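Hi everyone, thanks for coming. Let me put the structure up, and then we'll walk through it together.

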Amino acid sequence: MSRDKIQIFDTTLRDGEQVPGCKLATKEKLIIAERLDLLGVNVIEAGFPISSPGDFTSVEEIAKLVKNATVCGLTRAVEKDIEVAAQALKYAKYPRIHTGIGTSASHIKHKFNSTPEKIIERAVKATAYAKSFVEDVEFYAEDAGRTDNEYLARVLEAVIKAGATVLNIPDTTGYCLPDEYGAKMKYLRENVKGIENVILSCHCHNDLGLATANSIAGVQNGARQIECTINGIGERAGNTSLEEVVMVLKQHPYLNLDTTINTQLLYDTSQMVSEKMGMPVQPNKAIVGANAFAHSSGIHQDGVIKNRETYEIIDPADVGVTESAIVLTARSGRAALAYRSKKIGYELTKDQLDIAYTNFLSIADRQKEVQDQDIHKIMETVNIQA
Ligand code: KIV
Ligand code: ZN
């Protein structure tokens, strides 16, 4: 049985680029957009066209360049925003306008000084207006994570009638727990008329470190699109990380969900985005961090050397990492020293390994890591030839 496809909506160039210090020039955005298209994402959110002339140009140029993915522009529920987004998306092969408004009690009161009924009117008007420019209209109910489910269902039913094709349920503040977010999706699937004709989308922020878990709970409960960014960059603690959700679905086939992502490009894409945005990837970042496939304790190293699967649930080659790393530290054992020594040309007998290991430990206790040049020195000291 074929696995259901989850659409990957990449917002690195919109929500990701909102991060202070991550601002990109159009030329850099084009390079990233081309890479995202090659990676196999289904939607590229290219920017927020009304926000600045530079962002308008970026969205317009990306729309001209991208061959496969839908290109999307963000708007508020404001007519001028929608007109400008439509203009920027004019050359896209598959254009999408992403419009919406805050729906939580806090947004309605403090941000809009409005009422629930007036917010529904504005949502409907914006959706219908966007629909007059493009067929594909995604509606976002900002702060849906903290929006009362019954009211949210009414908003969504109204925007479906007005022509929305995709419904985005953002956990804007990263507040929800996975079972809560999953239950919200289930409630909407069961209580919104017309929902079977549209795609439900997860858009989760990582304020409590739950963005990936929440997105997975969302698709387990019927959502069919995940909004995410490379390396999980985004406002505050970031957005759902693309590489994480893609690999969760790949590594758990029983979920029966899949994506169109070429996972072997994940590591290079992560490096490219990190370099262009000047945002280092934390070493312990899942999937693409420098330590994601590095083993440094003796017990783990021994296991991995005997069989990779003892301590690795992903084949590094599947995400474009050449091989797992055995890092030599004072916590490493003989197996790791023998393994690394063999890689650089030394076949050791048991006795030689014992002598070399004593020397190794005295260096390892003084340094953070023992490098290949240190091993050469050890072998010279104990008179072992390569
Ligand atoms: O987090 C959010 O609510 C958003 C919307 C603008 C889609 O980014
Ligand atoms: Zn967001």
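How many residues of domain 1 are in contact with residues of domain 2? The answer is 8 residues of domain 1, which touch 6 residues of domain 2; contact here has C-beta atoms, placed from the backbone, within 7 Å.

Before going on, some housekeeping. This is a predicted model, where local features need pLDDT of at least 70, side-chain atom pairs count only at pLDDT 80 or more, and totals for chains, interfaces and linings use all residues. Residues are numbered from 1 along each chain as its sequence is written, while chains are lettered from A and ligands numbered from 1 in the order in which they are written.

Back to the domains: domain 1 covers 4–277 and domain 2 covers 296–382, with bounds from an automatic or database domain assignment. Their centres, over C-alpha atoms, are 44 Å apart. On the side of domain 1 that touches domain 2, α9 (242–251) and α10 (266–277) each give at least two residues, and α10 has the largest share, with 3. Helices are DSSP runs of H or I, at least four residues, and strands are runs of E, at least two, numbered from the N terminus.

Now, ligand 1. Around it sit Asp 15, Tyr 140, Glu 142, Asn 168, Pro 170, Thr 172, His 203 and His 205, each with its C-beta atom, placed from the backbone, within 6 Å of the ligand. Strands β6 (136–142) and β7 (166–171) are the elements giving two or more residues to that shell.

Terms used:
Contact = placed C-beta atoms within 7 Å.
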